[in-house]
Amino acid sequence: MRRPEWWRDEDGVVASVEMMYLLVFCLAALLFLGFLGRLHATGIQVTNTSQAAARAASIAATPAEARAAAQEVVASSALAARCAPSPSATMAWQPSASGTWRGGSVTVRVSCTVRNQSLSGVWSPGSRTITMTDTQPIDRYRR
Amino acid sequence: MVAVVLVMLLLFESVAYWHARNVYDEAAAEGARVAAAFDGSCDDGVAVARAVVQRTAGSWAGSLSITCIDGPVVSVTVDGRTPGVLGSALGARASVTETAPKEG
């Protein structure tokens, strides 16, 4: 009687090979899920940081102070450890109807480049840049 | 076959983990925002974060711990269990910290 190969069952079906393909697919899906999860978590972090930076800029007295406040918020956020290189923040503002800083709006744009390797957990080339923008009305009153 | 089933369960567990982490992240961010407001406090931030978790994940979010550290940068950490796919005992723990600059 011929002994069946390890990769065939008693009926001669190549079940083990199919299972192996499925296992590899599931492992790849697991890695991809981790990648997406970390990417999404970074996106939330960039969104929150841009909101915080825009809010900090909106309560500053002058555009120069606002720019400094926004950059300080981004530099002190947890993004500094996640982005490579460090996250960048740019600020733009719209004056009020009378042309003044107060009463206008300020927009902060935060960009964070993360290496794919740090997202997937295994070696992978390239990187992704996540950019989020938030706009806040500038406070009319000085505290 | 058993390995495939285990990996698939791990896959489902991962989805549950990331979902839980997103909920806790949202709660921590909301709590930090409230605590960092000009008239806000850490007590307010913790209460808001707890309310967000209760509203969106009240049925499965267990042993929730929310801490808030006041200062020039307010930090809110939400730590809790994730829902286990095969039972609550199999869930992992997720901890998320969000920060916001204190206004004023």
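Visitor: Which residues does Ala53(A) touch, not counting residues up to four places away in sequence?
Guide: The model is a predicted one, in which local features need pLDDT of at least 70, side-chain atom pairs count only at pLDDT 80 or more, and totals for chains, interfaces and linings use all residues. Residues are numbered from 1 along each chain as its sequence is written, while chains are lettered from A and ligands numbered from 1 in the order in which they are written. Two residues are in contact if their C-beta atoms, placed from the backbone, lie within 7 Å. With residues up to four places away in sequence left out, Ala53(A) touches Ala70(A), Val73(A), Val74(A), Ala89(A), Val108(A) and Val110(A).

Visitor: On which side or sides of α2(A) do its buried residues lie?
Guide: The buried residues of α2(A) are Ala66(A), Ala69(A), Ala70(A), Val73(A) and Val74(A). The arc, taken from the directions from the helix axis to the C-beta atoms, is only 130° for these residues, which puts them on the same side of α2(A).

Visitor: What arc holds the buried residues of α2(B)?
Guide: Cys42(B), Gly45(B), Val48(B), Ala49(B), Val52(B), Val53(B) and Ala57(B) are the buried residues of α2(B). They line one face of the helix, because seen down the axis of α2(B) they fall within an arc of 135°.

Visitor: Which elements of chain B are included in what covers the buried residues of α2(B)?
Guide: On the other side of α2(B), Asp43(B) and Arg55(B) are exposed. The cover over the buried residues of α2(B) includes α1 (2-36), β1 (65-69) and β2 (73-81) of chain B.

Visitor: Which element gives the most to the side of chain A that touches chain B?
Guide: Between the chains, 22 residues of chain A are in contact with 22 residues of chain B. On the side of chain A, α1 (15-58) and α2 (63-76) each supply at least two residues. The element that gives the most, with 16 residues, is α1(A).

Visitor: In what pattern do the helices and strands of chain B follow along the sequence?
Guide: Chain B has two helices and three strands. Buried residues make up 41% of its 104 residues. Read along the sequence, the pattern of chain B is α-α-β-β-β.

Visitor: Is Gly43(A) buried or partly exposed?
Guide: Gly43(A) is found in helix α1 of chain A. Its C-alpha atom is separated by 9.8 Å from that of Thr129(A), 86 residues apart along the chain. Because 16 other C-beta atoms lie within 10 Å, Gly43(A) is partly exposed.

Definitions and conventions: Helix = DSSP H or I, 4+ residues; strand = E, 2+ residues; numbered from the N terminus. Buried ≥ 20, exposed ≤ 12 C-beta atoms within 10 Å, placed from the backbone.
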